[in-house]
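Hi,

Here is the structure I promised to send over.

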Amino acid sequence: MPARIPYEYKYLRAKKSFPHVWCPGCGIGIVMGSIIRAVDAMQWDLDDIVMVSGIGCTSRMPVYVDFNTLHTTHGRSLAFGTGVKMANPRLNVMSVMGDGDALAIGGNHIIHAARRNVDITVIIVNNNNYGMTGGQFSPTTPIGAKTATTPYGMIEPEFDVCKLLEGAGAVFVARGTVYHVTELDNLIIKAFRKKGFSVVEVLSPCPTNFGRANRLGGPVEMMKLLKENTVNTTQVKKLNQKDLEGKVVRGIFVDRNIPSYDERYEALCEKAGKMAEEGK
Amino acid sequence: MSVPWGETRLVQGNEAVAYGALAAGIGFFAGYPITPSTEIAEVLARYMPIMGKKWIQMEDEIASISALIGARIAGCKSMTATSGPGFSLMQEGFGYACMTEVPLVLVNVMRGGPSTGLPTQVSQGDVMQARWGTHGDHPVIALAPAGVKECFELTIRAFNLSEIFRTPVILLPDEILGHMRERMTFPEEEEVEVVEMPVPDVPVEWYEHYHDSANNVSPMATFGSGYRFHVTGLMHDAQGFPTRKKEEVNAKMARLKQKITRRLKELEDVRMHNMEDCSVVVFAYGSVYRSALAAQAILKKRKKKIGIFRPVTLWPFPDRTVKENLDSKDVIIVPELNQGQMIHEVERMTKDTVRVIPLHRVDGYEITPEQIVDAVMEVI
């Protein structure tokens, strides 16, 4: 037992909203820990932090953290978040979402939020299936995988979350896992520091549904898979094509500077104001 | 710049809605282009950036109303404008706003349906959707203007009611009103009453986002104001945290209903013309009300008397006033640009002895005064 209460606890709504809904062995709590440590590193005032989410296991996170929290409808968290950020650009807005929430029902919203470069940090917890409804396939379920709605195996190709959002215009795109926690803390800090639409995809196990359906073992075995099946961007350079087969790459894929939507909107207001003064 | 205070000029209905929003202190607009509402977004796109207010065209109508809710929780008065198909998509967010008690104004310039229907033509096909379109039990306030000046005035009233009752309000003009132009005189700025929702003044640790105050509506804090709170579309307790406890669920549902039903007087807005000593009454709202007025004038020349009953606030329906004024009549004619929607409400509030006669039109054209005259002549 730790001798003192970890500092992360002061960010939790400990009295009100626990116990949490997540299953034993779920990775979402680890992501929440990383987010809290990153927030602590940023030294943000809690009053200025907004956490938005949609629907699903990951989207339950806002209720547990003591920020301004907005638990919205399925897939819409970035649309709500866009409104929050525009109404009060001073706020630090983050969105937490699962793979189904972000890429299926929220697919349209996420590509447009990325294209606009709205200044929101998005954390996508990818557990390869819909956990809350009992393990149906999602846009990130790998080909061949079994889920409650793919009893004969998945036939649809999966999204590469990071490539999709790079293409859509995100200024910071990274991937981590809940096994590599210190790395994840740092990725989230960097995403928070980035002005504009920043994304961290976090690979996370769902032992209850996806793990059981695909006989991947319990929480420990699934954690080991994250360790064994991923390589970081430095390791990639040293490995040949054959060794890379079946491996998922962790690290930062995009880090670029483009004016954010609120910066552009502010400039637009100035321009419009001047034009109006000049009577155009 | 912005609202032409005190001026008299030719104004389009949609333009008047946009000016009404500016007059009411709109801080955020999000929308998606759709006929016949688009001019509202266009006028605001021109003025709002000049005034430093936020305007955005979202990727669809679901995103638009979602952004509206986010913006209001972060402190900006918000409005969107759409029409039938977009109104359908917005039902999700509308329900969320009802549940989380977020004020906003949703303008639905009604066009012919179902589905894509008649994009450029008039209808009143969405009045029941306005009431029951989103799932679950929920309160609704909906207002129906009947002229360009009313488009301006009722947009302001819609904003004010949304702030007073802490709930989304629907404005239901139709394609005719949205696109027609009329001469109107704008009021002076100081003549317009603008209501702001009260903000909490309790210590932060005492704050309850859904406190059950005397009138069932509690002051709403905004994100960034120092009051940290949780908002969810799940059933929640007074603080806003999810709950399944039956007493808390019942309390929430009762309060949502009561905040409207206990203050019907403030919401009711009914216009009546020549209701005394007439046995036939035309019940009409929106642009059809204009045809009813014209029909009344034609009939007057023929020495025939009819009364006109017009609800301006469609929802909540003016149950008592309808009963008090229409129950004693012989015939009520209900002309509507649909296959019969509000007629059910009229029938519900009148005795079996009153003949309630429908007059429908769903081909995308207006109900003419002559059609109403003919309907009256058959029964008078």
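**Where the chains pair up**

Strand S2 (residues 68-71) of chain A and strand S11 (230-232) of chain B run parallel and are joined by 3 bridges. One pairing you can look up is His71(A), whose bridge partner in S11(B) is Thr232(B). Before going on, keep in mind that this is a predicted model.

Now for the wider contact between the chains. It takes 36 residues from chain A and 38 from chain B. On the chain B side, two or more residues each come from strands S2 (28-31), S3 (54-57) and S11 (230-232), and from helices H3 (61-73) and H4 (84-100). Which of them gives the most? That's H3(B), with 9 residues. If you sort the chain B side by class, you get 23 nonpolar, 10 polar and 5 charged residues.

**Inside chain B**

Chain B is divided into domain 1 (8-191) and domain 2 (270-379). Their C-alpha centres lie 26 Å apart, and the contact between them takes 21 residues from domain 1 and 17 residues from domain 2. On the domain 1 side, strand S7 (118-122), helix H5 (127-132), strand S8 (141-143) and helix H7 (175-179) of chain B each supply at least two residues.

A bit of background first: in soluble globular proteins, nonpolar side chains tend to be buried together. Here, the largest nonpolar core has 187 residues, and the ones that touch the most other members are Val50(A), Val84(A), Ile123(A), Leu44(B), Leu172(B), Val282(B) and Ile372(B). Helix H6 (residues 148-165) of chain B provides the largest share of this core, 10 residues. Both domains of chain B take part too, as the core draws at least three residues from each of domain 1 (8-191) and domain 2 (270-379).

Leaving aside its neighbours within four places in sequence, what is Val84(A) in contact with? In chain A, its contacts are Val50(A), Val52(A), Leu91(A) and Val93(A). In chain B, they are Gly70(B), Ala71(B), Ile73(B), Ala74(B) and Phe223(B). Val50(A) is also among the core residues that touch the most other members.

Cheers

Note on methods. Residues numbered from 1 in each chain as written. Chains lettered and ligands numbered in written order. Predicted model: local features only at pLDDT ≥ 70, side-chain atom pairs only at ≥ 80, totals over all residues. Domains from an automatic or database assignment. Contact = placed C-beta atoms within 7 Å. Helix = DSSP H or I, 4+ residues; strand = E, 2+ residues; numbered from the N terminus. Nonpolar A, V, L, I, M, F, W, Y, C, P; charged D, E, K, R; others polar. Pairing = 2+ DSSP bridges. Core = buried A, V, L, I, M, F, W, Y, C linked by C-beta atoms within 7 Å. Buried ≥ 20, exposed ≤ 12 C-beta atoms within 10 Å, placed from the backbone.
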